[in-house]
Amino acid sequence: AELPVQYADYGAWQRDWLQGEVLAEQVAYWRGQLGGQPAALQLPTDRPRPAVQTFKGAKEVVRLPASLADSLKALSRQEGSTLFMTLLAAFKALLYRYTGQEDILVGTPVAGRDRVEVEKLIGFFVNTLVMRTDLSGGVTFRELVGRMREVALGAYTHHDLPFEVVVEELQPERDLSRNPFFQVWFLLQNASQHVSFELPGLALTPLGGEFQSSQFDLTCNLADSPAGLHCSFEYNSDLFDAGTVRRMLGHFRSLLEHAAADPDRPLRSIPLVTQEEQSLLASWNDTRADYGQAECLHTLFERQAARTPDAVAVTFNGTELKYRELEARANQLARHLRTLGVGPEARAGVCMQRSIEMVVALLGVLKAGAAYVPLDPEYPRERLDFMLEDSQVSVLLTQQALLDTLSPQTARVVALDSDWHVISEQSGDALRLEMSAEHPAYVIYTSGSTGRPKGVVITHRAISNHMLWMSDEMPLDAEDRVLQKTPLSFDASVWEFYAPLLCGAQLVMAPPGAHRDSAALVRHMREESVTVVQVVPSMLRLLVEEEEIAECESLRRVCVGGEALSAELVKRFRERVDAELYNLYGPTEATIDASSWRADGTERVTIGRPVSNVRMYVVDESLNPVPVGVAGELLIGGDGLARGYLNRPGLTAEKFTPNPFGEVGGGRLYRTGDLVRYLAGGELEYLGRIDHQVKVRGFRIELGEIESALEADERVRQAVVVARQEGGESRLVAYVVGEGAAANGLRARLKKELPEYMTPSAFVLMDELPLTPNGKVDRRALPEPEYLRPELEEAYVAPSNAPEKRLAAIWQQVLGVEEVGVEDNFFDLGGHSLLMVQVLGKVKLERVFEQELSMIEMFQYPTISALVGYMERAREEQLSRAKINERAEKQKLAASRQRQAMKQRSRRDV
Ligand code: AMP
Ligand code: MG
């Protein structure tokens, strides 16, 4: 039949109509719906999103049974919604569960042929509608269908405004990597309308096309027919793998089934994980290894000492101790400690410099049945006092030289060097203590968010399990030499001691201070033919750039951990070092390392799989397991768990929750606060933190602890500390509100209470802190600090001679500070030990000084003028020594000439 109007008529009509008030009303509606720059949908992708959106695509399909479609239709009828609205609600629920985002926008097409005249017209009438739904507030599926209905009805009554006009009017932020407003697309076809397509004399069958493109990140395409719902997900194949999308379809189906059966369930607790996936997750957690009955750590050492009594156990600075000798000395100390009342469940503080005595001290405490509490002599006195008091140590083991730095003690103090003559009166035979592996072996303090550090209590069972796993996964033999360089106060130090000592290998103690000096470390590794070393990634980055690393031929294994490892660093490592690389992950509360990954050829860095007898669960807020690929909090269970926090039952109950996954016989799970996800192969990927704990150069810091210390100052009304990323480094910046607060005063205060690594690099004084709409401090809106020379107590003194000027230039470059005075302290300008390593590198490269300069000397002389003065004195000394030597040489020469002459004379005389 002849058409009543043509497409051009429709165009003219639309232009005419969509003006003035009509247009204004439509635009106002969409402005209300889509205003406020909604965030892009952050679906977890398999590959990084390209900077410019690509359209390569593929498709996965599933058929959902008619029975499921029927119950969804029944639910729709109950709620006064359409099947479209109910299905779109379910799809949004899936996106919410995948992203954790509560404001979800999905695009969908409308036919636009809602007038009789255009029904049969050839032409393009389809428009794009953006459906934005709020999924917050623990909404149930039924409630969501209601919300979806309102949104859809609103959109339908405003469907006439073309999408391109919406974009033009609202001006969303442009991003070449994404579609504006929405990144996923949804459509439901009523397939029954299409089946009856017939042409006279022709038989028609639909051909399934090959899909090789995708318009959006993801498209959910549903078709309803008597046979059920046909569901396909078309996806951008530069972002997702087929397997991922197949799993996603499985989760969608699971969600639809549970939502239909129980619509009053909150979205966040609808199970997504399929049966198949459940058994896969369980298989990844099957880490059982039979290590026999749990034993004490020192028992394992005693057994090794009996096997290889004459092998060298430990070396330090040219001294060495055989296994037999170490065993005897530790026994003597243990017996001595027993006379002081030390035994199981007691604690002994160990505040020592790296030395052979340190090893004797650790083993001695364990053999006496007690737990050791490491205390770093470099910590401020106030912090040490707190830890000593909190842990109620009955004995404090130390060294003569450190006695002055400690406060007067209520505990018995034993100086292992100067008191050794008393200790050595004891027998060197092992004690026969009745002791179980459930007793604590050590207590390590970590930063606490409420302002005080907390002691983590680790039992022999946990640490022995860890050591036995290590000897399985990374075996050592008599030829191995393991470097001990991590300060005692970090739990990573623990395995450095015991890995070699339980295997008959050699423990090589690094010189004091070497742990922060990459050049000294590498030199030591080469000289001592070290085979195994452990560092944090921040240190590895410096190590691989040391020239001498190429000459460490003995090095065969490097372990990194403590903070995220980047793919670039792994690559650089491969170029520079010929050794195996392990990424070890674990909180102190789960005994050093809870998972490990041996870096292979793949470019994706992971934290691998759980260690023996340890289990890991990735869960959502309601502690339900999340599917593979989806981010969640990591919970850890199994033999590695700490007993809890010392004397802090409340905090222990909060962080160690009952295990809801019954299969391992109850027990507890530690809530790590780490955000991770499973990759398809079973490895875990580390994504970040869900709280305010940060890592700065591998040091674990609760920002709340620094904030509390700042707020304890009466001049400070409010303080917020953040870790800012700058050029691959983390720096702490404090934002402070308060009258009369000045950076230098606050810095001085913090230095007395907190370790060096917890002192912020910069202090920014603010009139008020930016707030989010719901009244919390908006950390992302805090301004970037200006690294001008901070307000210091010292007045600015300009560099005056050549070396001072060159040093100042290097400092300015490394610290990113504009003006450095020669009296300024390196650390007060925001410097830290790793930056000092960079300064040292540049000083050497530019040959600022003629003589050798070490990290230790730089630490001793932390201002430019002090360092230059020291180097000048050293040079003069060297010169005068040279003169003395020259004079001595001359004298020697003269004397020998004289002797020669005398000999000749005497010969003549004969
Ligand atoms: P700590 O108790 O000092 O060992 O700190 C534990 C925290 O450090 C973990 O909860 C993680 O946030 C972080 N961490 C430790 N090892 C790694 C690693 N290999 N990759 C990424 N983060 C890590
Ligand atoms: Mg750790």
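In which helix is the place of Leu750? Leu750 sits in helix 21, residues 743-753.

## The model at a glance

This is a predicted model, in which local features need pLDDT of at least 70 and side-chain atom pairs count only at pLDDT 80 or more, while totals for chains, interfaces and linings use all residues. Residues are numbered from 1 along each chain as its sequence is written, chains are lettered from A and ligands numbered from 1 in the order in which they are written, and side-chain values use heavy atoms, with hydrogens and water left out.

The protein has 25 helices and 32 strands. These are DSSP runs, numbered from the N terminus: helices are H or I with at least four residues, strands are E with at least two. The C-alpha atoms fill a box of roughly 145 × 70 × 65 Å, taken along the principal axes. Of the 910 residues, 53% count as buried. Buried means under 20% relative accessible area, exposed over 50%, and partly exposed in between, with a 1.4 Å probe and protein chains only.

## Around ligand 1

Ligand 1 is surrounded by 17 residues. The closest are Leu584, Thr588, Asp674, Lys695 and Arg700. A residue is near the ligand if one of its heavy atoms lies within 4 Å of it. By class, the shell holds six nonpolar, six polar and five charged residues. Here Ala, Val, Leu, Ile, Met, Phe, Trp, Tyr, Cys and Pro are nonpolar, Asp, Glu, Lys and Arg are charged, and the others, Gly among them, are polar. Strand 19 (580-585), strand 27 (684-689) and strand 28 (693-696) each supply at least two residues of this shell. Strand 19 gives the largest share, three residues.

Which atoms pair with the ligand? A polar side-chain atom of Lys695 lies 2.8 Å from an oxygen atom of ligand 1. Gly562 takes part through its backbone: one of its polar atoms there is 3.0 Å from a nitrogen atom of the ligand. An N or O atom in the side chain of Arg689 is 3.4 Å from an oxygen atom of ligand 1. On its own, ligand 1 has 490 Å² of accessible area, and the protein covers 95% of this. Accessible areas come from the Shrake-Rupley method with a 1.4 Å probe; for residues, only the protein chains shown count as cover.

## The second largest pocket

The second largest pocket holds about 960 Å³ of space. It has 24 lining residues. Closest to its centre are Thr99, Gly100, Glu621, Leu675 and Ile690. Helix 4 (83-99), strand 23 (632-638), strand 26 (668-678) and strand 27 each give two or more residues to the lining. Helix 4 makes the largest contribution, four residues. The lining divides into 10 nonpolar, five polar and nine charged residues.

A pocket is found on a 1 Å grid over the protein atoms alone: it is an open set of points with protein on both sides within 12 Å along at least five of seven lines, and lining residues have an atom within 4 Å of a point. Points are joined across faces, edges and corners, and the volume is the space filled by probe spheres set on them.

Leu750 is buried, because its relative accessible area is 0%.

Thr244 lies in helix 7, residues 242-261. Its relative accessible area is 10%, so Thr244 is buried. A polar contact of 2.6 Å joins its side chain to that of Asp46. A polar contact is a pair of N or O atoms within 3.5 Å; within protein, one must be able to donate a hydrogen and the other to accept it, and residues adjacent in sequence count only if both atoms are side-chain atoms.

## Residues in loops

Most residues other than glycine have a negative phi. Asn317 has a positive phi of about 50°, although it is not a glycine. It is in the loop between strand 7 (312-316) and strand 8 (319-322). Asn317 is exposed, because its relative accessible area is 68%. Glu345, also not a glycine, has a positive phi of about 75°. Its loop runs between helix 10 (323-339) and strand 9 (347-350). Glu345 is partly exposed, with a relative accessible area of 36%.

Ala111 is in the loop between strand 2 (103-110) and strand 3 (127-134). At 51% relative accessible area, Ala111 is exposed. Ala111 and Asn127 are 16 residues apart in sequence and 6.8 Å apart in space, C-alpha to C-alpha. Asn774 lies in the loop between strand 32 (762-766) and helix 22 (802-815). Asn774 counts as exposed, at 61% relative accessibility. From Asn774 to Gln278, the C-alpha distance is 38 Å, with the pair 496 residues apart in sequence.

Terms used:
On a 1 Å grid over the protein atoms alone, a cavity is a set of points where a 1.4 Å probe fits but cannot get out, and a pocket is an open set with protein on both sides within 12 Å along at least five of seven lines; lining residues have an atom within 4 Å of a point.
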